[in-house]
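User: Hi! Could you walk me through this one? I have a few quick questions.
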Amino acid sequence: MDTRRALDSTAIGSMMVICLLWGLQQVVLKATAHDIAPILQIGLRSGVAALLVWMTMALRGERMRITDGTLGPGLVVGGLFALEFLLVGEGLRHTNASHMAVFLYTAPIFAALGLHWKLPSERLGAVQWLGIALAFGGIAMTFGPKPGHWF
């Protein structure tokens, strides 16, 4: 996968639907928190997702192997995702769903920065750096002090 293709309308539409669904998660978690704890909701969702992944692999005849060298990295990544979900669940107790969604969607900024430093083929150009600066500036303005309320 060395070549990059331009985004088509299917890719753009798919990403918009995915972002809409992912953004609604925090709203649903917050709206139903008085009935079911957010951590429990996230745990149930993750359990169902794990079951669906296992079923898909079973239907395709794929097997999980712990001897292929992926167990350690898989456990690290799984632990980081669990920590993220724990922090989201707890964070929703202290802020509103829109703030949590913005916090979560800062991840692409950090992914782009990490890829820039890790993979030579993913170096950021001037336009990408400008986009990251604008995104970060927007987040800082949203959560930063408001004019007249600096202290």
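User: Which helix is His-116 found in?
Analyst: His-116 sits in helix α5; helices here are DSSP runs (H or I, at least four residues), numbered from the N terminus. This is a predicted model, where local features need pLDDT of at least 70, side-chain atom pairs count only at pLDDT 80 or more, and totals for chains, interfaces and linings use all residues. Residues are numbered from 1 along each chain as its sequence is written, and side-chain values use heavy atoms, with hydrogens and water left out.

User: Thanks! Is His-116 buried or exposed?
Analyst: His-116 is buried, at 13% relative accessible area (buried is under 20%, exposed over 50%, partly exposed in between, with a 1.4 Å probe and protein chains only).

User: And what is His-116 in contact with, leaving aside neighbours within four places in sequence?
Analyst: Glu-122, Arg-123, Leu-124 and Trp-129, where contact means heavy atoms within 4.5 Å. A polar atom of the His-116 side chain also lies 2.9 Å from the backbone nitrogen of Leu-124.

User: Switching topic: how many aromatic pairs does a search of the whole structure find?
Analyst: One. Phe-81 and Phe-85 form a tilted pair, 6.1 Å centre to centre with 35° between the planes (ring centres of Phe, Tyr or Trp, its six-membered ring, within 6.5 Å; under 30 degrees is stacked, over 60 edge-to-face, the rest tilted).

User: Where do Phe-81 and Phe-85 lie?
Analyst: Both are in helix α3, four residues apart, about one turn of the helix. Phe-81 is partly exposed at 45% relative accessibility, and Phe-85 is partly exposed at 26%.

Conventions. Helices (H or I, at least four residues) and strands (E, at least two) are DSSP runs, numbered from the N terminus. A polar contact is a pair of N or O atoms within 3.5 Å; within protein, one must be able to donate a hydrogen and the other to accept it, and residues adjacent in sequence count only if both atoms are side-chain atoms.
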